[in-house]
Amino acid sequence: MKEYFALFRIRFINGLQYRAAALAGLATQFAWGFMEILAFGAFYRANPAAFPMEFSHFVSYIWIQQAFLHLFGPYGGNPDAVESIVSGNIAYDLARPMSIYNRWFAENIAGRIARTALRCLPVLVVAFLLPAPFKMTLPPSLFQLAMSAISIPLGLLVVVSYCQLDNISTFYTMSRQNAIFVVAADFFAGGYIPLPFFPEPLRKIVELTPFAAMQNMPLRIYSGDIAGMDAVKAVALQVFWCATMLLAGKLLMRHSLKRVVAQGG
Amino acid sequence: MKLYLKYFAINLKSQMQYKATFLLNIFARIVLAFATVAGVWFMFLRFNEVEGFTLPQVLLCTAVTTMSFALSETFARGFDIFPRLLGNGQFDRILVRPRGVIFQVLASQMEFARLGILVQAVFVFCYAIPNSGVHWTWDKVLTLVLMVACGAAVFFSLFIVYAAFAFFTTEGLEFMNILTHGGREFGRYPYAIYGNGVLRFLTFVVPLALFQYYPLLYLLEKERSVLYMFTPLIALLFLLPAYGFFRLGLRRFKSTGS
């Protein structure tokens, strides 16, 4: 356990180094958030009754999405992990007395938390200070706040265990291009448009998938869009998917390591 | 021009060496592009129109923007990865060769997999062109061609500006992404739906709306003045400051020494 914590610390400190990049990133995230709110605002004006969320819920959704972009984004997991499989350097990792799965897991989480730590506070503070239609609001009750506090780390675990599956698939495909994994996760987790905007039969199906257990749930629980018992159910689904994908990842990893071929050169 | 075609052939051949990767790459681009279209489509299943535009009319915008972006991204790839060229010293090699700098950066990198997005654009055009309610005449067709061509030029200028910033910072600047990738992503709707402030910015500062929103009004006969047909040509003026900025950066360029 200690060695994984050490890896976590190395990655975390490493991630904190890029402060200028974080600053430039902040500007982008603000602009992005504003544009999303303006676009959906135009649809809201066209037909408020057809808008499936309360507008203030939607605004909170967007700002937390921007603040936690790097926590929940299904991309940029472990580029060096994939690289080591393709280049054959994985042989060194296999010689080390630690689990590769756990190691990637620790590194991935550390990188995400470090990048988020640099960016989330300024986004949230400014979002709370903005004038009316853009202003971010507090959750409607303490219960919602508490549930989202549980849901956020769970969402992170689901994303990371999903990225692990993506990494492990490289053993089989030997390709650096796993963009399908990323786009599917981003789209069905509500990265393009929030899940309430999906057409009806599709929304019901997607809400049961692991994708919905990613950013979709913490964001909608915080804003109050998923409230009361539904929030409890949502968190239970997150726990289920987290456990399932961790298990699947561990099993797949064992299977792939049995037949692993270290690429030469 | 002959030299460029030679570079073109070399780039194409080298990327064709890894056919599986190339196809996967293209496939990934297509999926990515359809995610954007699905997002627009889902919105219109719920709302019939936005700011007076229907789904096919909005998709016309989506296709124009993605097509011009794909074209410029394919051919201006060298400027997109320019910070890397500066960082690893490749740019120094470019400087000592007896050909134009911009030409060489342009010719050294082409990413044909990005053309996967064109597949999406063509599909969307096939749906949007007959359904948008546009009465197609020769001038409307010309307008559409101008929109795509000049749009590619505007995105190209933005990539040059992005590259020019790297002369000052060596790092790539993420905030430029809001104009390049953001311009594509938000260009899925007519830029006017973002309100007057944004529209004015995208008209007078970074002329993205000049090749998308204003000529669209002409296509839909919401504006009949010929001026609206030729606004994409005005957007071409943006190449000048972009080029000037690049020259400025080039003049104070110091090698990174690696």
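**Notebook: salt bridges and cysteines**

I started with chain B, where the side chains of B:R184 and B:E185 meet in a salt bridge, 3.1 Å from N to O. I'm keeping in mind that this is a predicted model.

Next I asked myself: are B:R184 and B:E185 buried or exposed? B:R184 has a relative accessible area of 15% and B:E185 has 9%. Buried means under 20%, so I put down B:R184 as buried and B:E185 as buried too.

Then I looked up another pair in chain B. B:R224 and B:E221 form a salt bridge, with their closest N and O atoms 3.4 Å apart. Here B:R224 is exposed, at 62% relative accessible area, while B:E221 is partly exposed, at 32%.

Over to chain A. I found A:R103 in a salt bridge with A:D93, closest N and O atoms 3.0 Å apart. This pair links distant parts of the chain: A:R103 sits in helix α7 (residues 100-129) and A:D93 in helix α6 (residues 90-95), 10 residues apart. Both A:R103 and A:D93 are buried.

I also noted a network of salt bridges in chain A, linking A:E200, A:R203, A:K204, A:E207, A:R220 and A:D225. Over all chains, I get 16 salt bridges.

I checked two cysteines to see why. The sulfur of A:C163 has its closest cysteine sulfur in A:C242, 13 Å away, so that's too far for a bond. For B:C61, the closest is in B:C150, 15 Å away, also too far. A:C163 is buried at 3% relative accessibility, and B:C61 is buried at 0%.

Terms used: Residues numbered from 1 in each chain as written. Chains lettered and ligands numbered in written order. Predicted model: local features only at pLDDT ≥ 70, side-chain atom pairs only at ≥ 80, totals over all residues. Heavy atoms only, no water. Disulfide = S-S within 2.5 Å. Buried < 20%, exposed > 50% of the residue type's maximum accessible area, 1.4 Å probe, protein only. Salt bridge = Lys/Arg side-chain N within 4 Å of Asp/Glu carboxyl O. Helix = DSSP H or I, 4+ residues; strand = E, 2+ residues; numbered from the N terminus.
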